[in-house]
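Me: I have a model to go through with you. Could we take it piece by piece?

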Amino acid sequence: MRRRSVIGTAAALAAAQLKYGRLIRDAAAAEDLESDVLIVGAGASGAAAAWRLSAQGIGVTCLEQGDWLDYLSIPSLYDDWELVRQRSWNPNPNVRGLVSDYPINDAESPIKPLMYNGVGGSTIMWSCHAPRFHPSDFKTQTLDGVGADWPLSYWDLEPYYDLNDRISGVSGLNGDPANPPRPPRPLRPIPIGKGAERLGRALDGLGWHWWPNDIQVYESAYGDETGDCNHCGPCELACPVRAKASTDITYWPKALDQGTRLITGARVFQIETDASGRATGAAYFDRGGTLRRVRARVVIVAANGIGTPRLLHLSASKKQPNGLANFSGMVGRHLMMHPVAIVTGVFDEDLEGCKGITANSIVSKEFYETDEQRGFKRGYMLQFLRSLGPVLTALGGYGVPIEWGRGHHRRMREVFNHTASAGVVCEDLASPDNRVTLDDTLTDSDGIPAPKVTYTLGENARRMIAHGVERSTEVMKAAGAKEIHQIGLVEQGGFHLLGTARMGADPEQSVLNSWNQAHDVENLFVVDGSAFATAAAVNPTHTLQALALRAADHIVETRREL
Amino acid sequence: MTGTDASATVANTSQVAALLDAIIPSEDQLPSAGMPELVEAFLADVAEDESEGVVVRVLTQLPIDFPELDREVREDLARKVQDSNPRDFDIVLRHTYNAYYASTTVRDALEQTTGYPARPPNTAGYELASFDENTLVTQRARAPFWRRV
């Protein structure tokens with residue numbers, strides 16, 4: 001790797017003072033840290049990259065704006081867990097409003113972005129579904145004439161899916177006819193419960209596919225840092241028994257043992273560059289508001305599909321005035337989320353719906369691949385859900401109205417624990433008009449401009465949702481539901497933030513090459529969901545971790561050229 | 001029935017209790033949402049979101065003698081308030097349900113009526129039968145249908 005000197009330190013400070021409108025204390029340059037590789041973001045992909053690089057002797061520093069999770073603070077340990085999830089544990093950072101969060105102007109998006117900021121990133125709040133993309137997801141333009149082909153194939157990524165399975169641990173079952181063969185799953189499937197058993201029989205009757213999804217929940221412990229799943233329910237509120245693969249307990253302990261330096265409370269506001277445009281490190285505010293720097297020969301951004309384009313836009317310079325790595329103008333564009341609809345059946349039988357993980361573990365891929373007769377391209381996954389707790393049931397969660405007044409108790413007896421739901425998880429075709437920019441006025445607690453999300457649901461997705469809602473309704477009828485309720489588009493559903501610094505073979509139409517490396521800045525990599533060329537119709541975490549592991553190997557292999 | 005109370009406040013707990021009782025009356029072991037500890041929990045939840053003004057707007061639409069009226073009459077009056085101001089009333093409903101179903105008293109009663117344990121989900125969790133692979137017989141008989149590319 002070649003070394004470049006950081007230029008313009010004083011100028012950067014002056015610019016930051018001006019930008020953020022306050023006096024900023026600058027740590028002495030002598031205090032600048034140096035590292036072979038700097039990673040911004042300690043979530044799913046940043047952790048995987050840190051582990052893979054440090055395992056091969058590369059010095060890694062990671063900057064994370066949040067903190068380590070205090071496991072004694074996890075809501076499901078306390079009686080008020082359903083209240084806390086509406087506030088300080090809300091997945092929407094605008095509602096949560098913690099110091100570690102930044103606000104998002106989401107007024108122009110019918111789907112609200114969700115995330116968690118801290119060590120582990122959104123894996124702290126994820127439901128642990130870890131499916132692989134399908135081979136067709138990487139070639140949608142070639143196969144179906146929509147979206148963009150990835151500059152790599154499923155088969156290029158397959159060894160890294162396998163590697164991530166081994167490190168993270170996964171429960172499941174091989175033999176699924178909807179997916180390519182894969183090695184035996186390290187852990188047996190988690191229990192699916194009465195509701196999913198009923199739905200599985202209904203799907204069999206309809207001649208439609210279903211299978212226990214690959215899921216990174218540990219039916220039995222997987223390594224020293226983990227425990228056995230106790231089927232408590234709300235995985236999305238973190239797991240106090242350490243039975244799910246959040247990266248604070250999977251990759252991070254290993255990466256730290258290998259010498260990785262992880263700095264929390266570090267809010268990066270600029271990737272710094274030299275006169276030639278190469279990345280030289282990053283500037284950040286520490287917890288006390290002091291401006292600090294890490295110098296590095298390679299910079300990896302892993303700040304999620306909103307945080308990453310925000311940071312690249314913030315890192316505009318004289319040489320790259322439209323934002324770092326943005327000569328194509330594609331940074332921030334092609335934002336994809338997974339539009340989700342929910343269909344809920346209410347059953348006479350007590351399905352014990354509150355027992356077991358809320359997001360359940362069975363899925364149907366019957367409508368995943370393109371069938372032109374359906375009136376849309378690409379497809380969707382049905383992910384079946386259990387019931388909610390009593391508070392959220394009363395509040396009408398999953399679209400089942402609960403009356404108040406004299407009929408309230410009767411209605412609660414009919415609904416509580418008696419529901420099963422189908423989430424229609426739709427592939428989102430990329431549009432350049434769906435994008436992340438910097439907001440003109442909104443800022444975070446450090447005065448750094450906040451991101452603005454502009455998103456419109458496409459016609460293809462609308463048709464897909466309508467089709468998925470109809471099919472899910474058929475499933476519920478076949479399963480014997482006495483009532484069926486539909487939510488056409490879940491507003492608080494933007495967990496999967498993808499495509500805003502996409503990979504591609506054409507530097508005019510993409511930000512990254514096939515190794516997650518910026519076309520314009522050879523020592524800059526983006527490894528989070530921003531890199532996705534298509535969204536597929538499955539949960540993205542496994543794929544972005546596999547990409548991060550692969551990119552890390554490429555950095556090691558090419559380090560002398562970087 | 002008297003006129004509405006333009007000077008209503010959340011400190012008028014009898015008015016609040018009467019409204020909450022109209023929203024969730026008692027039934028068998030399940031208590032009324034208007035019982036004192038649940039009114040207190042309701043007001044705490046309201047304060048958490050700084051929604052006092054919303055509650056006051058709803059209370060001011062109720063007659064001054066609302067607490068003295070029959071439960072059915074109070075429910076009918078509350079429905080009229082909901083019809084005229086659904087957004088505010090929904091917020092009152094949310095705080096009512098939050099207070100009610102997070103209450104250990106209510107949860108004890110719920111356990112007796114539904115079997116749902118009156119404790120947080122962790123760390124005890126729940127027992128569930130292991131996944132039965134025999135349920136996949138039909139699916140295993142199906143040929144692979146993913147697209148090869």
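This is a predicted model: local features need pLDDT of at least 70, side-chain atom pairs count only at pLDDT 80 or more; totals for chains, interfaces and linings use all residues.

Me: How many helices and strands does chain B have?

Reply: Chain B has seven helices and zero strands. Helices (H or I, at least four residues) and strands (E, at least two) are DSSP runs, numbered from the N terminus.

Me: And what is its radius of gyration?

Reply: Chain B has 23 Å, whereas a compact globule of 149 residues would have a value near 15 Å. The radius is taken over C-alpha atoms, and the globule rule is 2.2 Å times the number of residues to the power 0.38. The C-alpha trace of chain B spans about 75 × 40 × 30 Å along its principal axes.

Me: Changing topic to chain A: which residues of α7(A) are buried?

Reply: They are A:G193, A:K194, A:G195, A:A196, A:R198, A:L199, A:G200, A:A202 and A:L203. A residue is buried if 20 or more other C-beta atoms lie within 10 Å of its own, exposed if 12 or fewer, and partly exposed in between, with C-beta atoms placed from the backbone.

Me: What covers them?

Reply: The cover includes β10 (362–364), β11 (380–385), β12 (419–426) and α12 (459–479) of chain A. Just after α7(A), A:G207 takes a positive phi of about 80°.

Me: How many residues of β7(A) are buried?

Reply: Seven of the seven residues of β7(A) (residues 279–285) are buried, so this strand is largely enclosed by the rest of the structure.

Me: Which strands does it join, and by how many bridges?

Reply: Six bridges join β7(A) to β6(A) (residues 267–273), antiparallel, and five join β7(A) to β8(A) (residues 291–301), also antiparallel. Two strands pair if DSSP finds at least two bridges between them. A:A283 of β7(A) stands opposite A:Q270 and opposite A:R293 in β8(A).

Me: What about the hairpin turns?

Reply: The hairpin of β6(A) and β7(A) has five residues between the strands, and A:G277 there takes a positive phi near 95°. The hairpin of β7(A) and β8(A) has five residues between the strands, with A:G289 at a positive phi near 90°.

Me: What is the order of the six-strand sheet, and why do two strands lack a neighbour on one side?

Reply: The open sheet of chain A runs β4-β10-β11-β12-β9-β15, with antiparallel pairing. β4 (211–212) and β15 (483–487) of chain A stand at the edges with a single partner strand each, so one side of each is left without a neighbour in the sheet. Within the sheet, six bridges join β11(A) to β12(A), and the bridge partner of A:L385 is A:S421 in β12(A).

Terms used. Residues are numbered from 1 along each chain as its sequence is written. Chains are lettered from A and ligands numbered from 1 in the order in which they are written. Two residues are in contact if their C-beta atoms, placed from the backbone, lie within 7 Å.
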